[in-house]
Amino acid sequence: MDPYAALIQPFVEFGFMRRALVACLALSLGCGPVGVLLVLRRMSLVGDALSHAVLPGAAIGFMIAGLSLVVMSVGGFLAGLAVAVLSGLVARVTPQREDASFAAFYLISLAFGVLIVSTRGSNVDLMHVLFGTILAVDDASLLLVVSIATLTMMVMAVIGRGLIVECFDPGFLRAVGGPGAILHLAFLVLVVMNLVAGFHALGTLMAVGMMMLPAAAARFWAGQVAPLAATSSAIAFAAGYGGLLLSYHASLPSGPAIILVAGGAYIVSVSAGPRGSLLTRFLPRRHLEA
Amino acid sequence: MYSLSRRSFLASLAMFAVATTSPTWAADKLKVVTTFTILGDMVRNVGGEHIALTTLVGPDGDAHVYEPTPADARALAQAGLVIVNGLGFEGWIDRLVKASGYKGRVAVASDGIAPLKAQDDHGHSHSKTHAEKGKDHHHGELDPHAWQDLANGRLYVANIARALAAADPAHADDYRGRAEAYDRELVALDRDIRRRLDAIPADRRRIVTSHDAFRYFGRAYGVRFRSPVGLSTESEPSAKQIAALIRQLKKEKTRVLFVENITDPRLVQQLAREAGAVIGGTLFSDSLSGPTGPAPTYLDMFRHNVSEIAKAFTS
């Protein structure tokens, strides 16, 4: 098979492949910096927690308006936001740790969601209906993902420096009068927005995977936060492109294919990245020893 | 994954909740539990006033991915007869029956039909679904949507009548009589559907739906159905399947796509946009609508689906 047919032709022939690729690009641009900051703040599992936390909102949306994707997404966003903000606030004003706080609130939210879904009697798997596959991204979903990526990058440009300082030295930020708690809450809003957009367009599995795997892989390639974010976005987009092609040529479901390519990038980074990987630890380069 | 863990969580919840509340049914009626609305409607037609019917998955619900509730386990524990579709449609029912402590007979309505095998070109998505659901789920092997052929529907009715008569011999004659009357309605509708669809040229009868629920309908009435995600609503398509489907739609000039009442319409909309086709409307496949909807009964579902299909081809 010639390279054109293997690498480019699927995107030329099929609109749904182009849409999926654009969605991957937008998602990787938004998720890159957000994921890196989550890793730096030791909140890597928050994405998973939030993917459960949106259920009651989606369920209430379903009860109000039936199978309306807009209402269910808005409900899911609000529920995720409530969990994120409450967890963040409790972690700030009490000695409770952030991860414990998230665990508590997402479990409450999930149980509430299951309760609503079950008492509603009739049952479509709401999460399944609400959160589609990347092959079915429509204009509305694409617009949503792109807008959120744009907004994320703009907000990050404004609050990014403060957030980084807060990660490494919250005492210093307080000492110079920086609004740590507000920055943190703004960041949590960004996390929820990126995740819900991702869920809506691509499914829960994909959205969390696109956010966390590239960010976790990036630390083996870069040291500063800006290069980390850029590396993370680049890995995410490469995984999206590679995963779509894999799904196309090998007839694999697209969501898992993309995440597994990102997972492969992570394994490669852990084993052979230039910064602190297994290779650099156990096989130090000769010329450095001399 | 996520929904799986939620399901097993509920199943274990169900085990604890059995027999916590007093029975609410009238004492002298046969308590019958069925799994989904289409089967429930048939059972109601055969059982009439002699049975108290509970249907686990309600209108517009999706029995592929249903999560049983404690109330379901309670209904099962108190049931005199349980009737299921079979063919692996309700993957969760065996575990629920066991959890509820129900000891009676589980009648399989699809007994004796000629089942269709799951199509090979959907194998990938099935193996995934299959692995997710564990051993007790056979959805990947046989197509369970047998009720979409009225000839099979007649067999369902006969099986239901036999099961009811065995469980409640005092009213056996009545069940038999009602089943015969209902059977005549099915036969009449079957004839009517054939007449309406025969008016459409055979090579134009090509339709795309969201999941593969209409293969029995297609076999019975000479309509070619295709779908992007295979038999279970739970599987995820690959880019290759979607691409192949689009190429085929363009080549065959298929112009009509339908969404179903229980699935996400976005994938079908995507297909329609790319292949230059139109969305013909909503078909009811695995679940009836509520009483005020367009398909409140099994017979109404056929009438609705056939008139949607006929309309799409004649406009």
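**Entry 1. Helix H6 of chain B**

I began with the burial of H6(B), where I found Leu150(B), Asn152(B), Gly153(B), Tyr156(B), Val157(B), Asn159(B), Ile160(B), Ala161(B), Ala163(B), Leu164(B) and Ala167(B) to be buried. I note at the outset that the model is a predicted one.

I then checked the length of the helix. H6(B) covers residues 150-167, and at 1.5 Å a residue its 18 residues should span 26 Å. The C-alpha atoms at its ends lie 25 Å apart, which agrees with that expectation.

Next I looked up its packing against helix H7 (residues 172-198) of chain B: the axes are 9 Å apart and the angle is about 175°. H6(B) and H7(B) are therefore roughly antiparallel to each other. On the H6(B) side the contact is made by Leu150(B), Ala151(B), Gly153(B), Arg154(B), Val157(B), Ala158(B), Ala161(B), Leu164(B) and Ala165(B). H7(B) contributes Ala172(B), Tyr175(B), Arg176(B), Ala179(B), Tyr182(B), Asp183(B), Leu186(B), Leu189(B) and Asp190(B).

**Entry 2. Confidence and overall make-up**

I looked up the confidence for chain A. Its pLDDT averages 85, and 91% of its residues score at least 70.

**Entry 3. The four-stranded sheet**

In which order do the strands of the open sheet in chain B run? I read the order as E2-E1-E3-E4, with parallel pairing. Strand E2 (51-57) and strand E4 (106-108) of chain B are at the edges; each has a single partner strand, so one side of each has no neighbour in the sheet. From one strand to the next, the twist averages 25°.

Within this sheet I examined strand E1 (residues 30-36) and strand E3 (residues 81-84) of chain B, which pair in the parallel sense over three bridges. Opposite Val32(B) stands Leu81(B) of E3(B). H6(B) packs on the sheet and touches E1, E3 and E4 of chain B, its direction making about 170° with that of E3(B).

**Entry 4. Strand E9 of chain B**

I turned to strand E9 (residues 256-260) of chain B. Five of its five residues are buried, so the strand is largely enclosed by the rest of the structure. In a regular strand, side chains alternate between the two faces of the sheet. Both faces of E9(B) are covered, with Val256(B), Phe258(B) and Glu260(B) buried on one side and Leu257(B) and Val259(B) on the other.

Strand E10 (residues 278-283) of chain B pairs with E9(B) in the parallel sense over five bridges. There, Gly281(B) is the bridge partner of Phe258(B).

I followed Leu257(B), which lies in strand E9 of chain B. It counts as buried because it has 26 C-beta neighbours inside 10 Å. Apart from neighbours within four places in sequence, Leu257(B) is in contact with Val208(B), Val268(B), Leu271(B), Ala272(B), Ala277(B), Ile279(B) and Gly280(B).

**Entry 5. Helix H10 of chain B**

How many of the ten residues of helix H10 (residues 266-275) of chain B are buried? I find eight, and the helix is mostly covered. The buried residues are Arg266(B), Leu267(B), Val268(B), Gln270(B), Leu271(B), Ala272(B), Glu274(B) and Ala275(B). Their cover includes helix H2 (15-40) of chain A, together with strand E7 (206-208), helix H9 (239-252), E9 and E10 of chain B. Just after H10(B), Gly276(B) takes a positive phi of about 70°.

Finally I looked at Ala272(B), which lies in helix H10 of chain B. Ala272(B) is buried, with 22 other C-beta atoms within 10 Å. Its contacts, leaving aside neighbours within four places in sequence, are Leu257(B), Ala277(B), Val278(B) and Ile279(B). Ala272(B) and Arg255(B) are 17 residues apart in sequence, and their C-alpha atoms are 8.2 Å apart in space.

Notes
Residues numbered from 1 in each chain as written. Chains lettered and ligands numbered in written order. Predicted model: local features only at pLDDT ≥ 70, side-chain atom pairs only at ≥ 80, totals over all residues. pLDDT = per-residue confidence, 0-100. Helix = DSSP H or I, 4+ residues; strand = E, 2+ residues; numbered from the N terminus. Expected span 1.5 Å × (residues − 1). Buried ≥ 20, exposed ≤ 12 C-beta atoms within 10 Å, placed from the backbone. Pairing = 2+ DSSP bridges. Axes fitted to C-alpha atoms, helices over the stretch in contact; angles between N-to-C directions. Contact = placed C-beta atoms within 7 Å. Parallel < 35°, antiparallel > 145°, perpendicular 65-115°, else oblique.
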